[in-house]
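Subject: Structure handover

Hello,

Here is the structure I promised to pass on. Please open it first, then read the notes below.

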Amino acid sequence: MLNIILFGPPGAGKGTQSEKLIEKYKLKHLSTGDIFRANIKGATELGTLAKSYMDKGQLVPDEVTIGMLESEVNKNNDANGFIFDGFPRTKVQAEALDNLLKSKSTSITIMLALEVEEEELKKRLLLRGKDSGRADDQNPDVIQKRIDVYNNETSPVKDYFTAQGKYKGIHGIGEINEIFNSLCKEIDAVK
Ligand code: AMP
């Protein structure tokens, strides 16, 4: 199995690159943000809970997020592999993911991190807010909070996978196809 974590701050381009990667490598795309948004749209209990955190730019609690992610992985036992997009966002989530994959006799192949500087992220998110209608992309305070949460809570996940020799940083500014080619080069070197 090819199991990729696409890592990076909000607005780094994870969603855009995931779409291209799943097509090329025939992987199952699991974006926790997308799953939460689908639940909000469907007015589920999980959606209501998630929304109360997402609207403030905070992380949805680990036990909720991990439970949801595990059930999505379990629904896709026939997948060739996964792209985890927006997960893990804490060290606890990273450990839970490792344990889950281990129980399925597989593991994370590589963590690819899209590196983009903060000012560029803010510009991109505000622009996306205009097009997508995402509430959390329209409020500069919420955007700042999400970037702060990334720096304080999510960024340590990088050290966790660096210690396993699986972390690869990719320059996330430039042409979409150019960035995609850099990602593919790293994947092809380990798959
Ligand atoms: P994203 O679409 O990945 O930018 O996620 C949007 C929002 O969903 C985040 O700001 C969090 O509130 C929530 N979220 C998504 N993934 C996670 C996660 N792995 N852990 C906790 N909260 C998450």
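A residue is called buried here when its relative accessible area is under 20%, exposed when it is over 50%, and partly exposed in between (1.4 Å probe, protein chains only). Helices (H or I, at least four residues) and strands (E, at least two) are DSSP runs, numbered from the N terminus.

Some ground rules. This is a predicted model, where local features need pLDDT of at least 70 and side-chain atom pairs count only at pLDDT 80 or more, while totals for chains, interfaces and linings use all residues. Numbering starts from 1 along each chain as its sequence is written, and side-chain values use heavy atoms, with hydrogens and water left out.

**Strand β3**

Start with β3, residues 81–85. Five of its five residues are buried. G81, I83 and D85 point one way from the strand. F82 and F84 point the other way.

Which strands pair with β3? Strand β1 (residues 2–7) does, in the parallel sense, over five bridges. Strand β2 (residues 28–31) also runs parallel to β3, joined to it by four bridges. Two strands count as paired if DSSP finds at least two bridges between them. For L30, the bridge partner in β3 is F84.

**The ligand**

There are 16 residues around the ligand. T32, R37, Q58, G86 and R89 come nearest. "Near" means that a heavy atom of the residue lies within 4 Å.

Now the polar contacts. These are pairs of N or O atoms within 3.5 Å; within protein, one must be able to donate a hydrogen and the other to accept it, and residues adjacent in sequence count only if both atoms are side-chain atoms. A polar side-chain atom of T32 is 2.7 Å from a ligand nitrogen. G86 uses a polar backbone atom, 2.9 Å from a nitrogen atom of the ligand. R134 has a side-chain N or O atom 3.3 Å from a ligand oxygen. On its own, the ligand has 480 Å² of accessible area, and the protein covers 96% of that. Such areas come from the Shrake-Rupley method with a 1.4 Å probe; for residues, only the protein chains shown count as cover.

**Salt bridges**

Side chains of opposite charge can pair when their charged atoms come close. A salt bridge here is a side-chain nitrogen of Lys or Arg within 4 Å of a carboxyl oxygen of Asp or Glu. The count comes to 13.

Look at E120 in helix α6 (residues 118–132). E120 bridges to K123, with the closest N and O atoms 3.8 Å apart. The two are three residues apart, about one turn of the helix. K123 is exposed, at 58% relative accessible area. E120 also meets R124 in a salt bridge, at 3.0 Å from N to O. R124 and E120 are separated by about one helical turn, because they are four residues apart in α6. R124 is partly exposed, at 23%.

R134 forms a salt bridge with D136, the closest N and O atoms being 2.9 Å apart. Are these two buried or exposed? D136 is buried, at 10% relative accessibility, and R134 is buried too, at 18%. Salt bridges with shared partners join R128, R134, D136, D137 and R146 into one network.

**A loop residue**

Last, T106. T106 sits in the loop between α5 (91–103) and β4 (110–115). T106 is buried, at 15% relative accessible area. Leaving aside neighbours within four places in sequence, T106 is in contact (heavy atoms within 4.5 Å) with M1, N3 and L101.

Best wishes
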